[in-house]
Amino acid sequence: MSRLGLYVPGDSLVHRAPAGLKLLVMVAAGVGSVFLRAPWQVAVALAVVLLAYVVAGLPPRTVVRQVRPLLWVGLVTAVFHVVVNGWQRAVVVVGVLAVLVLLAALVTLTTRATELVDAVVSACRPLRVLRVDPDRVGLMIALGIRCVPVVVGLAEDVRDAQRARGLAASPRAFAVPLIVRSLRHADALGEALAARGLDD
Amino acid sequence: MPVIEARGVGHAYGDRTVLRDLDVTLGEQRVGVVGANGSGKSTFARMLNGLVLPTRGRVTVDGLDTRTHGRDVRRRVGFCFTDPDAQIVMPTVAEDVAFGLRRRGLGKAEVAERVAAALAAYGLAGHADHPAHLLSGGQKQLLALASVLVTEPAVLVMDEPTTLLDLRNATMISEVVAGLPQQVLLVTHHLDLLDGFDRVLVFDDGRVVCDDLPDAAVGYYRKLMS
């Protein structure tokens with residue numbers, strides 16, 4: 001569950017903070033990160049985010065799980081910057097990446113999808129002028145969060161089916177059935193949404 | 001009991017005719033539908049809440065035409081699909097149950113109360129904040145069922161709700177369904193689920209070929225398939 005950065009129930013200060021505020025902090029951090037220049041600044045940012053994890057009562061294991069997928073991207077980026085721009089720049093770029101991913105994960109780990117959706121829906125209200133339906137945007141986000149584990153599950157099924165038939169790991173033999181299954185799932189999901197009165 | 005009527009109903013996907021000359025009136029509390037794969041029973045089930053509109057004829061629920069009153073019909077007719085994963089739209093259990101209550105003008109407290117009651121009724125009370133994808137197959141189908149029933153439909157249409165489940169979970173779902181006050185139309189391949197039903201329709205090649213009490217209809221179906 002925490003591997004996918006999904007909501008972990010809790011009653012900490014971070015959990016109770018309004019979803020809108022958390023999203024706002026995340027956006028502000030994203031914008032602010034552009035101005036970080038020195039490794040010590042990144043270290044401070046990282047310390048603040050890790051402190052927030054402690055306040056939220058999330059174990060170090062969870063922190064590691066959030067950044068583990070970044071390992072290869074981080075490594076390549078780091079090597080590139082060490083060669084081209086020097087080690088300080090490498091620390092800043094990779095550090096900022098980790099800080100932002102951790103922060104985003106912290107938001108989804110401590111906020112119910114419904115609250116996130118409600119916050120986004122109210123933030124999108126002004127977009128009504130542009131004929132954007134805020135509820136539709138909110139639903140899209142909820143479905144997005146819900147679909148991560150579903151597609152992971154589909155991918156595991158496809159991999160198992162490949163192994164069962166003794167096929168070697170070929171990207172095409174993996175991608176095509178996964179896309180087909182995902183589209184089929186999307187169709188079924190659409191039908192279920194209609195049955196549950198979404199467009200009524 | 002609500003009354004579902006199909007009058008002169010036919011349906012085709014392009015050139016492929018999947019239903020023809022269907023005329024039935026369903027007013028019983030428990031109606032079963034059996035038939036081979038591709039016999040048109042899923043299409044028929046989807047017509048009862050207007051998910052599929054017939055290319056010929058009309059379907060009404062308590063006199064409301066699915067074509068012109070789709071919204072009112074869907075409020076009356078809940079639908080439960082085969083694959084609960086496709087039906088669960090929110091990331092956590094309680095949120096999914098609450099989804100059906102959105103835009104109904106209910107207060108937050110009332111929604112929370114109804115959600116809690118539904119979760120308790122279907123044995124999911126301890127899972128309110130759990131991610132839906134960590135539930136077992138049977139629990140997912142219970143969640144799908146709870147999410148539909150929380151909206152208090154008068155009719156529940158189920159399209160092979162136990163096909164993906166093991167025997168224990170299938171039995172559990174059928175026990176839950178047996179206790180419902182609603183009118184239930186159950187499409188299934190698990191013929192023993194139809195014990196105690198009031199009426200069973202057998203579909204074959206887009207037609208109702210038998211319409212009888214469970215014993216007689218299931219016997220007919222077995223012979224047809226052998």
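This is a predicted model: local features need pLDDT of at least 70, side-chain atom pairs count only at pLDDT 80 or more; totals for chains, interfaces and linings use all residues.
Local features need pLDDT of at least 70, side-chain atom pairs count only at pLDDT 80 or more, and totals for chains, interfaces and linings use all residues. Residues are numbered from 1 along each chain as its sequence is written, while chains are lettered from A and ligands numbered from 1 in the order in which they are written.

**View 1. Chain A is built from nine helices and zero strands.**
Helices (H or I, at least four residues) and strands (E, at least two) are DSSP runs, numbered from the N terminus. The elements of chain A follow the order α-α-α-α-α-α-α-α-α from the N terminus. The C-alpha trace of chain A spans about 55 × 50 × 35 Å along its principal axes. Of the 200 residues in chain A, 22% are buried. A residue is buried if 20 or more other C-beta atoms lie within 10 Å of its own, exposed if 12 or fewer, and partly exposed in between; C-beta atoms are placed from the backbone. Among the contacts in chain A with a separation of 6 or more, 71% link residues 24 or more positions apart. Two residues are in contact if their C-beta atoms, placed from the backbone, lie within 7 Å.

**View 2. Helix 3 (residues 39-55) of chain A packs with helix 6 (residues 87-110) of chain A, their axes coming within 9 Å.**
The two axes cross at roughly 20°. Axes are lines fitted to C-alpha atoms, for helices over the stretch in contact, and angles run from 0 to 180 degrees between N-to-C directions. Helix 3 of chain A and helix 6 of chain A are therefore roughly parallel. Angles under 35 degrees count as roughly parallel, over 145 as roughly antiparallel, 65 to 115 as roughly perpendicular and the rest as oblique. Helix 3 of chain A passes helix 6 of chain A in a left-handed crossing. A crossing is left-handed if the near helix is turned anticlockwise from the far one by less than a right angle, and right-handed if clockwise. Residues in the contact include A:Val42, A:Leu46 and A:Val49 of helix 3 of chain A, and A:Val92, A:Val99 and A:Leu103 of helix 6 of chain A. By class, this contact has 15 nonpolar, two polar and no charged residues. Ala, Val, Leu, Ile, Met, Phe, Trp, Tyr, Cys and Pro count as nonpolar, Asp, Glu, Lys and Arg as charged, and the others, Gly among them, as polar.

**View 3. Helix 7 (residues 113-124) of chain A packs on helix 8 (residues 134-164) of chain A at an angle of about 150°.**
Their axes lie 8 Å apart. That angle makes the two helices roughly antiparallel. Helix 7 of chain A passes helix 8 of chain A in a right-handed crossing. Helix 7 of chain A contributes residues including A:Leu116, A:Val120 and A:Cys124; helix 8 of chain A contributes residues including A:Asp135, A:Ile141 and A:Ile145. The contact has eleven nonpolar, one polar and one charged residues.

**View 4. Six strands of chain B form an open sheet in the order 6-7-8-3-9-10.**
Pairing in the sheet is mixed. Two strands pair if DSSP finds at least two bridges between them. Strand 6 (77-80) and strand 10 of chain B are the edge strands, each pairing on one side only. Neighbouring strands are turned by 20° against each other on average, direction ignored. Strand 7 (residues 155-159) of chain B runs parallel to strand 8 of chain B, with five bridges. Here B:Met158 has B:Leu186 as its bridge partner. Helix 6 (residues 137-149) of chain B lies across strand 6 and strand 7 of chain B, at about 170° to strand 6 of chain B.

**View 5. Strand 3 (residues 30-35) of chain B is largely enclosed by the rest of the structure, because six of its six residues are buried.**
B:Arg30, B:Gly32 and B:Val34 are buried on one side, and B:Val31, B:Val33 and B:Gly35 on the other. Four bridges join strand 3 of chain B to strand 8 (residues 183-187) of chain B in the parallel sense. B:Val31 is partnered by B:Leu185. Strand 3 of chain B also pairs with strand 9 of chain B, parallel, over five bridges. B:Gly35 stands opposite B:Phe203.

**View 6. Strand 9 (residues 199-204) and strand 10 (residues 207-212) of chain B run antiparallel, joined by five bridges.**
B:Asp204 pairs with B:Arg207. The hairpin has two residues between the strands, and B:Asp205 takes a positive phi near 50°.

**View 7. Chain B meets chain A through 23 residues of chain B and 25 residues of chain A.**
On the chain B side, helix 2 (70-76), helix 3 (84-87) and helix 4 (93-99) of chain B each give two or more residues. That side has eleven nonpolar, five polar and seven charged residues.
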